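This report describes the architecture of a protein model, chain by chain. The sequence and the structure are shown first, and the description follows.

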Amino acid sequence: MDEKAAQDLLHQRSFIGRPMHSTLLASDRDPEIRFDTKKQIAAFTNQICEVIVGKTEAVKLAVACLLARGHLLIEDIPGVGKTTLSQALARSLGLAFQRIQFTSDLLPADILGNSIFDRNEQRFVFHQGPLFSQVVLIDEVNRATAKTQSALLEAMEEHQISADGVTYELPRPFFVIATQNPQYQVGTFPLPESQLDRFLMRIELGVPDRASERAMLLGMDRREMLKELNPVFGAETLLEIQAKVRTIHTSSALLDYLQDLLDASRQRHRSGLSPRAGLALLHASQAWAMMNGRDMVLPEDIQAVGTAVMAHRLGHDIEQSGQSGRTLAAALLNSVPVP
Amino acid sequence: MKTLRRQDTRIPRRPLLWLAVALLFALPPMFGTLPSWVPLLFLIALTAKFWMQPKGYHLRSLFWKVVLVALILSLLFFSYGSLRGIEPGVSLIVMLTSVKILEAHTAREFHIMIMVAWVLCLCGFFLSQNLAIALCLLIAFTLLLVALIQFHRGSSSAFWPPVRTAGKLLAQAAPLIVLLFLFFPRFSTGFRFQIASQRGSSTGFSDHLSPGSVSSLTNSSEVAFRAEFPDGKIPTLGAMYWRGVVMWHCEGLEWNAPKNPAALPKTSQSSLRSEGVRQWITIEAHDARWMFALDWPANWPSGARLAPGDYLWSDQPIHKARRYEVTSYPEIPNNQLHSGEREPLLQLPAAISPAARALVQSWTAGKAEPRAIVEKALEFFRAQGFLYSPSPGEYGKNGLDEFLFHRRLGFCEHYAASFATLMRLAGVPARVVTGYLGGEYNEIGHFFLVRQADAHAWCEVWFPDRGWQRVDPTAVVAPDRVNLGFSSFLERRAAAGQLDNTQGVLARKLARWPIFARARLGWQTLSYAWDTRVLSFDGDEQESFFTAIGIAGRGPIFFIVGSLLVAIALLALYTGWTHLRTRACGDRIKRIYESFCRKAARLGAPRNPSEGPLDFSRRAMRLLPNDSERIRSIAEAYIALRYAPASDPMTLEQFAKAVSAFVRAS
């Protein structure tokens with residue numbers, strides 16, 4: 001489905017959060033039908049891994065982020081498949097998808113929408129911007145100015161947009177995937193700390209290893225593959241799984257460990273992990289536990305998602321050169337004992 | 001956006017299902033006590049809800065709501081004539097609940113429905129309080145709790161956890177219930193509900209005997225009363241005549257008892273030569289004033305009197321089950337007949353046919369003695385082909401002749417009435433006694449259960465030398481009825497093919513299986529205990545209980561505050577105990593796991609402090625392949641205990657054992 005058609009369909013349905021492909025999936029027609037969550041998530045992950053070869057770990061983290069109702073930031077050099085990954089995610093969910101290319105001259109109204117005077121009706125009519133979608137890919141988020149970046153804030157956190165004094169609710173699920181180039185590249189505006197904190201995870205794709213790259217070189221064109229992707233599950237199932245993730249059991253022993261991590265980060269760094277970061281860690285590890293078919297969170301789940309969740313929140317505290325957020329997060333995970 | 005909000009607050013299907021099942025369990029007390037359209041409409045509303053819910057329909061329009069409520073009010077008004085009283089009130093609540101069910105569609109309204117359903121459960125007790133209903137309502141109560149818990153668990157569709165939680169909550173509440181039951185003051189401030197006033201007066205005992213009045217009871221398995229013999233002296237079944245009402249006024253086949261009999265003076269028991277049989281009788285409510293005792297009661301409980309004819313008569317109508325003690329003697333004390341009393345005992349209706357007179361004259365010829373006349377009359381019944389039947393059919397206006405000379409088919413009331421009439425014709429003072437004969441012995445609870453079907457009528461005639469004597473003409477016609485009890489009698493008849501009425505034969509055959517028979521007796525015993533121990537625990541009983549434990553005579557405030565304080569203290573103790581236990585348990589798990597890690601380190605697989613249990617077990621299994629199976633099970637147990645939703649003490653013990661075995665094996 002091309003983007004235009006998706007947008008039209010979305011407008012017709014007036015953002016009620018209904019699945020776009022409700023006719024394709026029995027589980028969307030009747031929410032009572034049982035589904036094996038773990039298997040479905042695995043099928044979903046596998047489908048994306050077919051497109052993004054050799055990056056299983058990153059793909060799994062991206063899926064966990066999605067299931068934990070968080071937004072995803074992908075940071076890497078151009079050409080490693082950031083856009084392909086986000087498109088594959090959107091298509092495998094069968095959700096309405098929008099892509100916004102951030103540039104230095106982009107203005108907030110360009111992404112939120114404009115009020116335009118309607119001659120026939122003799123009044124201003126709000127025309128919704130590309131942010132009114134279920135999956136929004138923001139390419140090169142750090143190329144836009146701070147003004148435009150902060151326009152994203154409300155949308156990401158409150159799932160709503162205020163324009164001209166009117167509040168518009170965004171469709172559900174709402175999932176932002178942003179890609180950014182490493183800070184050292186020319187012409188970037190680093191994301192403010194508050195903005196970074198709103199992303200549940202930041203992942204890096206990196207260059208594929210030799211075998212994977214060979215497979216990619218031999219294989220089909222990625223764009224062709226993207227077009228052939230079928231939705232694995234729709235919006236309602238996703239919402240249901242997202243709700244289930246929050247019910248994954250976290251024992252007091254586990255919460256002790258989580259709080260030890262937070263405390264340690266606050267002692268070691270000038271501005272440690274925020275309470276929001278604690279919640280992010282909790283939800284991401286719940287999603288990870290569910291993906292592994294468990295009904296409880298283990299310290300291993302926190303460790304698995306810990307780097308992706310904590311690195312970009314600790315990264316701005318770098319004093320010593322050569323210390324990236326990733327190494328700080330890894331050091332934290334390696335030094336805090338599991339109680 | 002509107003649609004979205006509605007979707008968010010829609011009541012999930014499973015809690016709704018629980019609620020529906022709970023409401024079904026709250027229904028039984030309504031059937032039989034309320035007009036049948038009330039529970040039926042309620043069921044229809046419930047069914048409609050399940051049709052409407054998936055489609056997102058609900059009763060929206062204010063207009064229709066007002067119309068429905070007006071309709072309900074007028075229906076109730078027309079069927080009761082007023083909206084006051086227990087039954088119209090309960091009916092009103094039931095009907096309004098039905099409308100609420102149709103209307104409800106948000107989470108808030110779901111809570112309201114749960115609350116209303118709880119009120120409905122309580123209302124059920126206004127209608128009926130027997131054990132079966134109580135159990136039904138307890139189930140309904142529990143299911144409501146389950147529905148509420150399920151609702152708050154959100155989209156989780158697990159079946160057992162909410163049931164378990166509800167069970168746990170109820171178990172925790174049980175001691176408080178017992179405490180409040182025993183100690184919370186029972187007020188009797190004159191504000192009395194007359195519970196279930198519309199008792200079917202047609203099925204039951206009556207102070208009027210006519211053809212068909214007793215046989216109409218033969219199919220009623222309703223309990224009349226239960227009797228215990230505390231001294232263990234149990235008379236034989238054939239001698240177990242439970243005396244109810246004595247009838248003096250004769251109308252041929254119809255007899256009547258006085259409406260409000262006088263009281264006899266208290267007899268001195270020294271005049272009695274034989275030993276008495278003590279009985280504890282728990283009589284069911286019947287809204288009239290007769291009470292039952294074996295032939296012949298000599299002392300009587302307070303609140304009752306001994307009426308002329310030596311039967312018990314309550315001072316107040318019996319509106320609720322009542323337990324009393326009475327002693328009976330195998331002879332009538334003060335067995336005299338004064339000169340003025342003889343006349344009414346020979347009273348007869350005007351229209352006695354010549355045929356009947358001729359029959360009696362054939363017995364009295366030659367100045368026969370009363371005893372000889374009785375013998376002749378019994379011989380007449382025995383020899384002339386009289387048959388005993390629970391359904392003898394209708395007798396017309398001239399019933400006495402029709403019965404004596406033509407049809408000769410009758411039930412106990414026909415025999416008793418005609419016999420007593422014939423005796424009076426012969427100049428022998430006679431009266432009819434109605435009551436019950438026999439009963440079913442419950443060997444588990446050691447009591448007799450007397451049902452309406454055991455109703456019986458017999459005669460008493462007066463001999464100048466021995467006074468009143470019981471004569472049961474039915475015993476001549478159908479001796480088995482008297483000696484075996486009514487149900488055994490019916491069974492025997494059915495077996496012999498003499499009874500065309502095959503209904504219930506299968507049930508009776510089933511009932512003869514030992515397991516069913518035991519279960520039935522057990523249930524009756526439970527039910528008896530419920531009636532005598534729980535339902536009868538009223539203000540007086542409570543007072544005597546307080547006296548027994550030595551805290552009588554305090555004001556109600558003392559008991560209210562006291563019982564609430566004790567309840568709070570119990571709760572606090574329980575909370576503290578569970579808190580301590582879980583903490584101690586958590587510490588213990590950790591200690592055991594640490595000892596396991598030390599042992600593993602000694603074997604060459606030290607745990608990295610920042611290593612999670614799963615990672616460590618995998619690494620340790622690689623390092624110590626010989627023990628991998630043991631390490632795996634220990635790690636699984638530890639994870640289940642430390643991180644899983646609920647751990648049971650069983651696993652903790654196994655875990656401890658596995659860890660201590662680990663060092664020994666290695």
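## Overall composition

Chain A contains 15 helices and nine strands, where helices (H or I, at least four residues) and strands (E, at least two) are DSSP runs, numbered from the N terminus. Chain B has 23 helices and 18 strands. The model is predicted, so local features need pLDDT of at least 70 and side-chain atom pairs count only at pLDDT 80 or more, while totals for chains, interfaces and linings use all residues; side-chain values use heavy atoms, with hydrogens and water left out. Residues are numbered from 1 along each chain as its sequence is written, and chains are lettered from A and ligands numbered from 1 in the order in which they are written.

## Burial, surface and contacts

In chain A, 55% of the 339 residues count as buried. Buried means under 20% relative accessible area, exposed means over 50%, and partly exposed lies in between (1.4 Å probe, protein chains only). In chain B, which has 666 residues, 44% are buried. The accessible surface of chain A is about 14900 Å², and 51% of this belongs to carbon and sulfur atoms. Accessible areas come from the Shrake-Rupley method with a 1.4 Å probe; for residues, only the protein chains shown count as cover.

Contacts can also be sorted by separation along the sequence. Considering contacts in chain A between residues at least 6 apart in sequence, 76% join residues at least 24 apart; contact means heavy atoms within 4.5 Å. In chain B, among contacts between residues at least 6 apart in sequence, 72% join residues at least 24 apart.

## Helix packing in chain A

Two packed helices are described by the angle between their axes and the distance between the axes. Helix α14 (residues 299-314) and helix α15 (residues 325-335) of chain A have axes that come within 8 Å and cross at roughly 135°. Axes are lines fitted to C-alpha atoms, for helices over the stretch in contact, and angles run from 0 to 180 degrees between N-to-C directions. The angle makes α14(A) oblique to α15(A): angles under 35 degrees count as roughly parallel, over 145 as roughly antiparallel, 65 to 115 as roughly perpendicular and the rest as oblique.

On the side of α14(A), the contact is made by Gln303(A), Gly306(A), Thr307(A), Met310(A), Ala311(A) and Leu314(A). Helix α15(A) contributes Gly325(A), Arg326(A), Leu328(A), Ala329(A), Leu332(A) and Leu333(A). By class, this contact of α14(A) with α15(A) has seven nonpolar, four polar and one charged residues. Here Ala, Val, Leu, Ile, Met, Phe, Trp, Tyr, Cys and Pro count as nonpolar, Asp, Glu, Lys and Arg as charged, and the others, Gly among them, as polar.

## Helix packing in chain B

Helix α8 (residues 160-183) and helix α19 (residues 539-549) of chain B pack at an angle of about 100°, with their axes 9 Å apart. This angle makes α8(B) roughly perpendicular to α19(B). Phe181(B), Leu182(B) and Phe183(B) of α8(B) make the contact with Gln542(B), Phe545(B), Phe546(B) and Ile549(B) of α19(B). The contact of α8(B) with α19(B) has six nonpolar, one polar and no charged residues.

The axes of helix α12 (residues 399-407) and helix α13 (residues 412-425) of chain B come within 11 Å and cross at roughly 100°. Helices α12(B) and α13(B) are therefore roughly perpendicular to each other. Leu400(B), Phe403(B) and Leu404(B) in α12(B) meet His414(B), Tyr415(B), Ser418(B), Thr421(B) and Leu422(B) in α13(B). The residues of this contact divide into five nonpolar, three polar and no charged.

## Backbone features in loops

A cis peptide bond, with omega about -10°, joins Arg172(A) and Pro173(A). Pro173(A) lies in the loop between β7 (166-169) and β8 (175-180) of chain A. Another cis peptide bond joins Asp295(B) and Trp296(B), with omega about -15°. Trp296(B) is in the loop between β7 (293-294) and β8 (297-299) of chain B.

Gln122(A) is not a glycine, yet has a positive phi of about 60°. This residue is in the loop between β3 (113-118) and β4 (123-128) of chain A, and at 57% relative accessibility Gln122(A) counts as exposed. Asp310(B), also not a glycine, has a positive phi of about 55°. Asp310(B) is placed in the loop between β9 (304-307) and β10 (311-314) of chain B, and at 8% relative accessibility Asp310(B) counts as buried.
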